[in-house]
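Have a look and see whether you read it the way I do.

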Amino acid sequence: YKILKIKLATTAGFCKGVKRAMNIVLDTANRKKRDIYTYGPLIHNPQAVEMLESKNVKILNDISEFSSGTVIIRTHGISPDIKEEIRQSGANICDATCPDVMKVQSIVGRYAKKGYFIVIIGDKGHPEVIAHLGFCSGKGLVIESLEEVDQIPKGDKLCVVAQTTYDSKRFK
């Protein structure tokens, strides 16, 4: 027989933002037994989403599908426009956006108001990046590769941020 060594990765499990969001959703589900939605999947984990569905937490992908209840903002955050749409629908909003994501949103919003052009390094289709773009006041661009760098407008003051889960080596 061979001896098998098992090593558990020190980074296994959810990050602090996802742990926080899961706690918010589970606490809400335990207090309110119906009409609970997450705006988009809470996280990129099918097993976790399935577990939430077993607790009657549904995924809402379009606010026009909403009738009543609580809408929980997912860890990736949402744009201010979508948040306003949810507010206008009469939903009780519970924000589970990751604090690190909120920090980037705050930076983007602050610098966009100062006239900076915002460059977001990340995956164009990722919900977090789409949310960040919503804070750019129409002056933002997502860059996924070095080949796209020449799309950045010349002469503008720039604010460069990254998707919070983006690989730091690729960012550099």
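1. One term before we start: a pocket here is an open set of grid points where a 1.4 Å probe fits, with protein on both sides within 12 Å along at least five of seven lines, and its lining residues have an atom within 4 Å of a point. Keep in mind that this is a predicted model.

2. With that in hand, the largest pocket is lined by 18 residues, and Cys15, Val18, Thr75, His76 and Thr165 are the ones nearest its centre. Its volume comes to about 300 Å³. Helix H1 (16-31) and helix H4 (99-113) are the elements giving two or more residues to this lining, and H1 has the largest share, with three. By type, the lining splits into nine polar, six nonpolar and three charged residues.

3. The second largest pocket holds about 230 Å³. Of its 13 lining residues, Ile121, Ile143, Leu146, Arg170 and Phe171 lie nearest the centre. Strand S5 (117-121) and helix H6 (168-171) each give two or more residues. Here the lining has nine nonpolar, one polar and three charged residues.

4. On to the rings: the whole structure has two aromatic pairs. Tyr37 and Phe66 have ring centres 5.7 Å apart and planes at 75°, so they sit edge-to-face. Tyr37 is buried at 11% relative accessibility, and Phe66 is buried at 10%. Lys58 lies over the face of Tyr37, 5.5 Å from the ring centre.

5. In the other pair, Tyr111 and Tyr116 have centres 4.9 Å apart and planes at 90°, so this one is edge-to-face too. Tyr111 is partly exposed, at 24%, and the charged end of Lys114 sits over its ring, 4.9 Å from the centre.

Definitions and conventions:
Residues are numbered from 1 along each chain as its sequence is written. This is a predicted model: local features need pLDDT of at least 70, side-chain atom pairs count only at pLDDT 80 or more; totals for chains, interfaces and linings use all residues. Side-chain values use heavy atoms; hydrogens and water are left out. Rings of Phe, Tyr and Trp (its six-membered ring) pair if their centres lie within 6.5 Å; planes under 30 degrees apart count as stacked, over 60 as edge-to-face and the rest as tilted. Buried means under 20% relative accessible area, exposed over 50%, partly exposed in between (1.4 Å probe, protein chains only). A charge sits over a ring if NZ of Lys or CZ of Arg is within 6 Å of the ring centre and within 35 degrees of the ring normal. On a 1 Å grid over the protein atoms alone, a cavity is a set of points where a 1.4 Å probe fits but cannot get out, and a pocket is an open set with protein on both sides within 12 Å along at least five of seven lines; lining residues have an atom within 4 Å of a point. Grid points are joined across faces, edges and corners, and a volume is the space filled by probe spheres set on the points. Helices (H or I, at least four residues) and strands (E, at least two) are DSSP runs, numbered from the N terminus. Ala, Val, Leu, Ile, Met, Phe, Trp, Tyr, Cys and Pro count as nonpolar, Asp, Glu, Lys and Arg as charged, and the others, Gly among them, as polar.
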